[in-house]
Amino acid sequence: MSGSWPLARRSQALAQRGAIFARIRMFFHEKGYLEVETPFRIPAPAPEAQIDAIPSDGWFLQTSPELCMKRLLAAGYPRIFQICRCWRDGERGTRHLSEFTMLEWYRAQADYRVLMDETEELIRAASGADTITYRGVEIDLSNPWERITVRDAFLRYAGTTAEAALAAGTFDELMVDRIEPRLGIGRPTFIYDYPASCSALARLRADDPTVAERFELYLGGLEIANAFSELIDPVEQRARFEAEAAERARHGKHGYPVPEKFLAALAEMPEAAGIALGLDRLVMVLLDAESIDDVVAFTTEEL
């Protein structure tokens with residue numbers, strides 16, 4: 001085992017991790033969700049510009065179970081969740097693993113605001129407490145949680161607009177340096193209504209199509225989850241995939257095949273919302289760990 005904690009504490013962390021996972025499964029079972037499993041190795045991941053898949057004998061290790069789970073929604077399963085392994089190339093650090101554990105759940109006839117409420121319930125159920133302490137700061141998990149738009153966050157913390165940051169190519173830099181460290185301090189924060197150009201698979205707001213119905217959850221300055229109301233128009237989704245593929249090509253990244261079976265199924269998918277939550281990161285926060293290495297059994301380097 002790796003990490004900064006002594007062996008006995010890391011062993012205890014694995015036991016606590018198992019208990020957290022058990023509480024999460026109980027939460028979803030009690031709410032009528034079906035636990036599903038989908039393949040780890042897939043022919044075509046979603047061609048997102050900022051996420052790189054790891055090749056596997058001509059196919060790819062999944063960066064997310066998203067496409068397969070949406071196909072299950074389209075097939076008539078209205079509430080589904082999955083705890084699974086995912087892989088992303090080039091992601092490693094005290095808060096990142098290239099192989100990690102993801103929780104994803106999808107709910108038909110719901111939007112991103114419904115998922116905000118459900119995520120609050122889940123985090124409280126997973127923690128088993130009303131307050132936690134992370135990096136010396138107490139975080140109150142009771143209501144109300146902070147909800148702030150991306151536009152307001154840029155004005156408040158970055159001294160500029162999100163639109164200006166996008167035009168200048170500094171959006172991601174300002175998010176990381178000025179905004180993220182201030183989110184989820186004292187109480188969890190949902191930052192929502194991301195620019196449409198930052199939301200390749202999310203539905204745009206009907207009353208403001210410059211932003212998407214997408215949110216991220218932060219605890220103690222750390223991103224925990226990413227969620228959105230699902231885009232279910234296959235023509236629009238194909239166009240967005242093409243735009244993401246062009247962006248990948250512009251940066252010299254390898255391309256992916258078009259996920260045709262997903263696009264074909266999308267026409268049958270009901271209105272829905274979905275969320276991806278990094279479980280290693282959640283455990284890290286709930287156990288007040290310094291490094292993500294402290295809450296997993298093995299890191300890649302140990303193998």
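Predicted model: local features only at pLDDT ≥ 70, side-chain atom pairs only at ≥ 80, totals over all residues.
Residues are numbered from 1 along each chain as its sequence is written, and side-chain values use heavy atoms, with hydrogens and water left out.

I then examined the span itself. The end C-alpha atoms of residues 20-300 lie 23 Å apart, and the span is 33% helix and 27% strand. Here helices (H or I, at least four residues) and strands (E, at least two) are DSSP runs, numbered from the N terminus.

**Helix α3**

I checked the length of α3, residues 112-127. Its 16 residues should span 22 Å at 1.5 Å a residue, and this agrees with its end C-alpha atoms, which are 22 Å apart; the expected span is 1.5 Å times one less than the number of residues. At the start of α3, I found a side-chain oxygen of Asp111 within 3.1 Å of the backbone nitrogen of Arg113. Just after α3, Gly128 takes a positive phi of about 70°.

I listed the buried residues of α3, among them Tyr112, Leu115, Met116, Glu118 and Thr119. Buried means under 20% relative accessible area, with a 1.4 Å probe and protein chains only.

I also looked at Ala110, in the loop between β6 (99-108) and α3. Ala110 counts as buried because its relative accessibility is 7%. Ala110 and Ala272 are 162 residues apart in sequence, yet 5.0 Å apart in space, C-alpha to C-alpha.

**Cavity and pocket**

On a 1 Å grid over the protein atoms alone, a cavity is a set of points where a 1.4 Å probe fits but cannot get out; a pocket is an open set with protein on both sides within 12 Å along at least five of seven lines; lining residues have an atom within 4 Å of a point.

I counted 1 cavity of 30 Å³ or more. The largest cavity has a volume of about 90 Å³, and α2 gives the most to its lining, with 3 residues.

The second largest pocket has a volume of about 210 Å³. Of its 13 lining residues, Ile42, Pro43, Ala44, Arg71 and Lys261 are the closest to its centre. The elements that give two or more residues to this lining are β2 (41-42), α2 (66-74) and α8 (260-266). I noted that Ile42 also lines the largest cavity.

Notes. Points joined across faces, edges and corners; volume = space filled by probe spheres on them. Buried < 20%, exposed > 50% of the residue type's maximum accessible area, 1.4 Å probe, protein only. Polar contact = N/O pair within 3.5 Å; in protein donor to acceptor, adjacent residues only side chain to side chain.
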